[in-house]
Amino acid sequence: MADGHPDLNGIWQAFVSADWDLQDHEAQSGPHPEIMGAYGAGPAGLSVVEGGAIPYQPWALEKKKQNFKNRAVADVSNDAKWHELGDPEFKCYMPGVPRATYMPFPFQIVQGSSNYVLISYEYASATRIIRFGKVDDSPAPAWMGWSRGRWEGETLVVDVTGFREETWFDRAGDFHSDQLHVVERYTPASPYHLMYEATIEDPKVFTRPWKISFPLYRRMEKNLQLLEFKCVPFTEELLFERFTKQGAKAPRGEIR
Amino acid sequence: MKHRFLTLLGILAMAIACSQSPAAAQAPATPAQKPASAKAATGKATSKAAARTAVPRTPWGEPDLSGVWNDATSTPLQRPSSVGGKDVLNDEEAEEFSKELEHNLTRDRRDGSAAVDVNRAYNEHWMDARRLKATEDHRTSLIVDPPDGRIPALVPLTGERADLKKARSYANGRFLAGLPDSVYDFSLPVRCIIRTDSPPYLPTIYNNDFQIVQSPGFVTIAPEMIHSARIIPTDGRPHLPGDIHQWLGDSRGHWEGDTLVVETTNFRADEGVLFGGANAATYKITERFTRVDATTLNYEFTVEDPTTWTRPWTARIPWTKIDPAEQMYEYACHEDNYDLVHFMSGARQREREGKTIPIKPADRIFDN
């Protein structure tokens, strides 16, 4: 770029299966194989966690296992269960950081010359603004956190705090608290690759900081653009059917 | 400008749906630092030339539109009859007009009956204060064409569209009666599917913020509601194929002088996506973004749909730059959408108690 920093503009995607599980995992059926068959199943994958395992505090490891059991359960009939049950991805909630980076969807980095870099994720149309220069603290917790950027040589470093506690890291139930602090590093490795690293710190949940890393690949198709994956309508039956009048029909043309 | 005069139900719906919106608690608005002259706003050639020299540019030579912009105003979309047909007011008239609009819109008024007063309990604390100020160009409507400042006459609807409109009016009626059958009786904003993110952009009660980030070959606009960035290619590529439809449509941009011109087609046909219940097959939005000075950007949009209106129509809204003093915050909606749960639980309870009422068909509650 004219400002001397690497140009990260483009549509990128991770090709790991970390969204199913950050750690080593075998191929697995979905939560409802009796109706979803192989459609709901997930691929196997090697751990993207440095050292292989996430350093959970003992209570937190138990909660992660509970999360996994309840990953495809949703109950918005009362406040206590609203966020306690179910993977946020299952309910089309914003995925948080770093999860947005390794969802099986592309994302676009928009880098100009201003004090802002924008990242738009195809999944749920989630968007985050990375602010450079003197930036105030996060004013309120956010699903995608509060991102402050700086350059270290060729690397874009993004310091992310101010998270809502409800996001998960994957479908295996890996989770964090409101004390989550993520430091991401995007380093060009070729015109077609970025190396991605995220250091994850959360003194309430983990015994020490830990790190994930994997490459991001530039999507190369001609005229490629992000398309919409606005998934709210795909969850309305799941979340709200129980409050619906019996026999009510979706109007013509509505998607279900 | 129906969406400005929300019913209590609509307002409560938004209040609950937007309870996670930090912008509602943003600092009070600061006035625009430099008034846009009436000339600049009416697009006279002289002011355009003056603006050109002042327009900041990106390192790759395009006018720099980047920043956080706010489009709130009290100036109505359509010209009210009270201004006697005038399109631009003199200073004195404009002050009176602005005061009248503010009086009508403010929710901190305490006059009227107890019921009216209770309706205003969702008060100015939650609103964008800038929405109480008329545009500085002293226009009496945001619509600049047709010259009467009004949305043109409708084309009579054909059978199927007339049927759909009627079905929708009963859905709105169920919502207003507190008896929604299902999520489909709510508007798209209440369902947290789209809000101010689908063009054309119109001012609303709060969160009237748009962040523009520019990169070579793209202009990206991130409206505060609902966190959907519209990434607009300006590299001349063709539109998406006709069989792909999107909630925000499909936008292509190009530069005409210092103006970014964006054409958007490929909208989904769902009720509430298109302004005024237009026809997706023939609907097109053309937007023009022109930076006037350091703190003003003129936003103009033209709506065309020959199967809905008898002619195209155009509105112009000045945007005010608010960063770096103010930032745009995340707008989460679906993640804590208590509205749908509460409204429908209430409806089912009323049914159990036999407290239902006859449904009267009603116009749509939100246009955007």
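**Figure 1. The pairing of E3(B) and E4(B) in the predicted model.** Ile212(B) faces Ile221(B), a residue of E4(B), across the two strands. The model shown here and in the following figures is predicted. E3(B) and E4(B) run antiparallel and are joined by six bridges. Two residues lie between the strands of this hairpin, where Gly217(B) adopts a positive phi near 90°. Strand E4(B) is mostly covered, five of its six residues being buried.

**Figure 2. The pairing of E4(B) and E5(B).** The partner strands E4(B) and E5(B) are antiparallel and share four bridges. Phe218(B) lies opposite Pro233(B), which belongs to E5(B). Six residues separate the two strands of this hairpin, and His227(B), located in the turn, has a positive phi of about 35°.

**Figure 3. Two cis peptide bonds in chain B.** The bond between Asp145(B) and Pro146(B) is cis, with omega about 5°. Pro146(B) is situated in the loop that links strand E2 (143-145) to helix H6 (159-176) of chain B. A cis bond also leads from Pro199(B) to Pro200(B), with omega near 5°. Pro200(B) lies in the loop between H6 and strand E3 (209-215) of chain B. In general, most peptide bonds are trans.

**Figure 4. The surroundings of Arg150(B).** Arg150(B) is placed in the loop between E2 and H6 of chain B. Residues up to four places away in sequence being left aside, Arg150(B) touches Gln78(B), Arg79(B) and Ile143(B). With 15 other C-beta atoms within 10 Å, Arg150(B) is partly exposed. Gly346(B) is 196 residues from Arg150(B) along the chain, and the C-alpha atoms of the two residues are separated by 39 Å.

**Figure 5. Positive phi at Cys92(A).** Although Cys92(A) is not a glycine, its phi is positive, at about 60°. As a general rule, most residues other than glycine have a negative phi. Cys92(A) is found in the loop between helix H3 (79-82) and helix H4 (99-102) of chain A. Is Cys92(A) buried or exposed? Cys92(A) has 22 other C-beta atoms within 10 Å and therefore counts as buried, the threshold being 20 or more.

**Figure 6. Positive phi at Ser125(A).** Ser125(A) is a residue other than glycine with a positive phi, near 55°. The residue Ser125(A) occupies the loop between strand E3 (116-121) and strand E4 (127-132) of chain A. Ser125(A) is buried because 24 other C-beta atoms lie within 10 Å.

**Figure 7. The barrel of chain A and the pairing of E4(A) with E5(A).** Nine strands of chain A form a closed barrel in the order E1-E2-E3-E4-E5-E6-E7-E8-E9, and their pairing is mixed. On average, neighbouring strands of this sheet are turned by 30° against each other, direction ignored. Arg131(A) lies opposite Arg148(A), a residue of E5(A).

**Figure 8. The side of chain B that touches chain A.** Contacts between the chains involve 42 residues of chain B and 43 residues of chain A. On the side of chain B, the elements that give two or more residues are E3, strand E4 (218-223), strand E5 (230-233) and helix H7 (338-352). Which element gives the most to the side of chain B that touches chain A? That element is H7(B), with five residues. By residue class, this side of chain B comprises 23 nonpolar, 12 polar and seven charged residues.

**Figure 9. Chain B as the setting for the close-up views.** Chain B contains seven helices and 10 strands. Of its 368 residues, 45% count as buried. Among the contacts in chain B between residues at least 6 apart in sequence, 69% join residues at least 24 apart.

Conventions:
Residues numbered from 1 in each chain as written. Chains lettered and ligands numbered in written order. Predicted model: local features only at pLDDT ≥ 70, side-chain atom pairs only at ≥ 80, totals over all residues. Buried ≥ 20, exposed ≤ 12 C-beta atoms within 10 Å, placed from the backbone. Contact = placed C-beta atoms within 7 Å. Nonpolar A, V, L, I, M, F, W, Y, C, P; charged D, E, K, R; others polar. Pairing = 2+ DSSP bridges. Axes fitted to C-alpha atoms, helices over the stretch in contact; angles between N-to-C directions.
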